[in-house]
Amino acid sequence: EKGYETGEHAPGLKLGACGAYKAAHHIIKTHAKVWHSYNSTWRREQRGMVGISLTSGWGEPVDPHSQTDRDAAERYIQFHLGWFANPIYRGDYPEVMKNYVGKKSAQQGLGTSRLPTFSVQEKTYIKGTSDFLGIGHFTTRYVLQKSFPFLQVSSYHTDPDLAELVDPNWPAPGPKWLYSVPWGFRRLLNFIKTQYGNPLIYVTENGVSETVQCSQLCDEWRIQYLKGYINEILKALNDGVNVKGYTAWSLLDKFEWNKGFSERFGLYHIDFKNKNKPRYPKASVDYYKKIISANGFPNPREVMS
């Protein structure tokens with residue numbers, strides 16, 4: 001969406017309400033082609049695995065007793081994770097995406113939906129093309145129904161007819177979008193287990209950035225974030241979710257999309273103003289080392305069931 005619809009991220013193309021859907025369509029088909037190429041050419045010899053890494057937040061209904069809110073939260077997940085995962089694991093875009101984008105396209109007087117379609121052959125070719133699912137996850141939103149005015153130009157952002165809210169009590173140590181809501185991760189992992197047949201999961205990204213440089217390297221909030229989220233992964237494991245590995249995001253401070261070097265996700269602080277780019281361990285390094293050594297929490301009492 002940000003690369004091909006709004007142009008906010010690279011490659012900076014402002015292609016309007018079809019751009020994101022077309023780009024995603026090509027990504028999914030290309031991914032399948034790579035998987036099949038490896039499967040037929042190299043798998044027997046190398047015995048490797050090919051998967052895909054998808055990033056998604058969790059959407060929680062504002063009122064869990066409201067069917068309208070529950071449906072909106074479901075759309076949130078399907079328009080984020082399901083957009084890519086559903087074709088790969090179930091053979092097609094989520095029904096709710098097809099319905100909502102199709103309905104909005106018809107209201108705009110378009111002859112076909114802005115969401116492209118897969119042929120029968122493509123659906124068969126794409127389904128099952130992932131030996132594991134990589135998951136990047138950072139935060140959660142409360143979700144409720146919100147209908148956008150008919151005359152407004154539809155976009156990926158407005159298609160699902162929902163609004164996102166946050167709880168002001170959620171810790172927000174980093175950028176304005178990244179609230180620490182560990183319980184959302186367990187729910188997302190269980191959703192994946194239920195929707196996609198309990199696939200093998202590798203957590204490929206999970207962490208928090210600081211927007212203000214901490215000269216004392218005292219990132220206590222990152223320690224709390226990691227502790228909370230890793231704890232929820234352990235709970236998900238107890239739920240039977242097939243999580244095989246975890247990767248903290250990230251080892252080093254780095255170039256972060258259109259935020260440049262201003263958002264720092266690293267366990268190691270990088271002095272970008274020094275030509276040698278020296279690296280300094282933050283407090284989270286020592287904490288994470290202990291978790292790695294123990295393959296979990298060193299103290300069993302830290303695990304909250």
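Reply: One definition comes before the rest: buried means under 20% relative accessible area, exposed over 50%, and partly exposed in between (1.4 Å probe, protein chains only). This is a predicted model, where local features need pLDDT of at least 70, side-chain atom pairs count only at pLDDT 80 or more, and totals for chains, interfaces and linings use all residues. Residues are numbered from 1 along each chain as its sequence is written, and side-chain values use heavy atoms, with hydrogens and water left out.

Me: Is Arg141 buried or exposed?
Reply: The cut-off for buried is under 20%. Arg141 has a relative accessible area of 11%. Therefore Arg141 is buried.

Me: Which side chain does Arg141 meet in a salt bridge?
Reply: A salt bridge needs a side-chain nitrogen of Lys or Arg within 4 Å of a carboxyl oxygen of Asp or Glu. Here the N to O distance is 3.7 Å. The pair links distant parts of the chain, 23 residues apart, from strand β4 (residues 140–145) to strand β5 (residues 162–165). Strands are DSSP runs of E, at least two residues, and helices are runs of H or I, at least four, numbered from the N terminus. The partner of Arg141 is Glu164.

Me: How many salt bridges are there by this rule?
Reply: Side chains of opposite charge can pair when their charged atoms come close. Under the 4 Å rule, the count comes to 18.

Me: Where is Lys282, the residue that meets Glu210 in a salt bridge?
Reply: The Glu210 and Lys282 side chains come to 3.0 Å, N to O. Glu210 sits in the loop between β6 and α7, 72 residues from its partner. Both ends are buried: Glu210 has a relative accessible area of 4%, and Lys282 has 4%. Lys282 is in the loop between β9 (279–281) and α8.

Me: Which residues are linked with Arg264 in a network of salt bridges?
Reply: Arg264 pairs with Asp253, the closest N and O atoms being 2.8 Å apart. Both lie in the loop between β7 and β8 (268–270), eleven residues apart. Arg264 counts as buried at 9% relative accessibility, and Asp253 at 3%. The network links Arg264 with Glu210, Asp219, Arg222, Asp253 and Lys282.

Me: How far apart are the end C-alpha atoms of helix α7?
Reply: Helix α7 has 19 residues (220–238). The expected span is 1.5 Å times one less than the number of residues, so α7 should span 27 Å. The model agrees, with the end C-alpha atoms 27 Å apart.

Me: What covers the buried residues of α7?
Reply: The buried residues of α7 include Arg222, Tyr225, Tyr229 and Ile233. Contact means heavy atoms within 4.5 Å. The cover includes α6 (183–195), β6 (201–205), β7 and α8 (283–294).

Me: Which residues does Val243 touch, beyond four places away in sequence?
Reply: Val243 is in strand β7 (residues 243–246) and is buried at 13%. Its C-alpha atom is 4.6 Å from that of Ile201, 42 residues apart along the chain. Val243 touches Leu189, Ile201, Val203, Ile233 and Leu237.
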